[in-house]
Structure formats: structure tokens, C-alpha cells
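This report describes a single chain, beginning with the contacts of one residue and then turning to the chain as a whole.

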Amino acid sequence: MENVIVILILLIIATGIIWYLIRAKRKGETCIGCPYAKRCSSKCDGGCSAKSDNK
């Protein structure tokens, strides 16, 4: 019974993550998870130039 509960919890977490990613892509976010995604005009290549804009 414990195995079923653990599997259900993992499925709920995975579904939530997938749902978040789909919604973020539909909104047009280029770098999902990056706090500067809306300010960064370039594609996500491991670094965002928006970090240096806060000077």
C-alpha cells in the first residue's frame, strides 16, 4: 500500500512539472526557470545578459 501512495505522489509531482512547462512555453518564455527570461532578448545559451543590466 505504501508503494502505491509513493507512486501516486511522484505522478502528481511529475504532472505538475509538465503542466508548468507547457504553460510557460505557451506564454512564450524562452528560458523557463530563469528569473530574467522576460528581459533577456537572446535565446538561453547558459547565460543571460539581463543580469548585467541592473547596474
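Leaving aside residues up to four places away in sequence, isoleucine 32 touches Tyr20, Leu21, Ala24 and Lys25. The model is predicted. Isoleucine 32 itself sits in the segment after α1.

The table sets out the accessibility of the two residues.

| Residue | Relative accessibility | Class |
|---|---|---|
| Isoleucine 32 | 29% | partly exposed |
| Lysine 25 | 51% | exposed |

Lysine 25 counts as exposed because its relative accessible area of 51% is over the 50% cut-off. Isoleucine 32, at 29%, is partly exposed because that class lies between under 20% and over 50%.

The chain has 1 helix and 0 strands. Helix α1 covers residues 2–27, which is 26 residues, and spans 38 Å from its first C-alpha to its last, close to the 38 Å expected at 1.5 Å a residue. Glycine 28 follows α1 and has a positive phi, near 95 degrees.

Over the 55 residues of the chain, 15% count as buried. The accessible surface of the chain is about 4,900 Å², and carbon and sulfur atoms account for 64% of that surface.

Technical notes: Residues are numbered from 1 along each chain as its sequence is written. This is a predicted model: local features need pLDDT of at least 70, side-chain atom pairs count only at pLDDT 80 or more; totals for chains, interfaces and linings use all residues. Side-chain values use heavy atoms; hydrogens and water are left out. Helices (H or I, at least four residues) and strands (E, at least two) are DSSP runs, numbered from the N terminus. The expected span of a helix is 1.5 Å times one less than its number of residues. Buried means under 20% relative accessible area, exposed over 50%, partly exposed in between (1.4 Å probe, protein chains only). Accessible areas come from the Shrake-Rupley method with a 1.4 Å probe; for residues, only the protein chains shown count as cover. Contact means heavy atoms within 4.5 Å.
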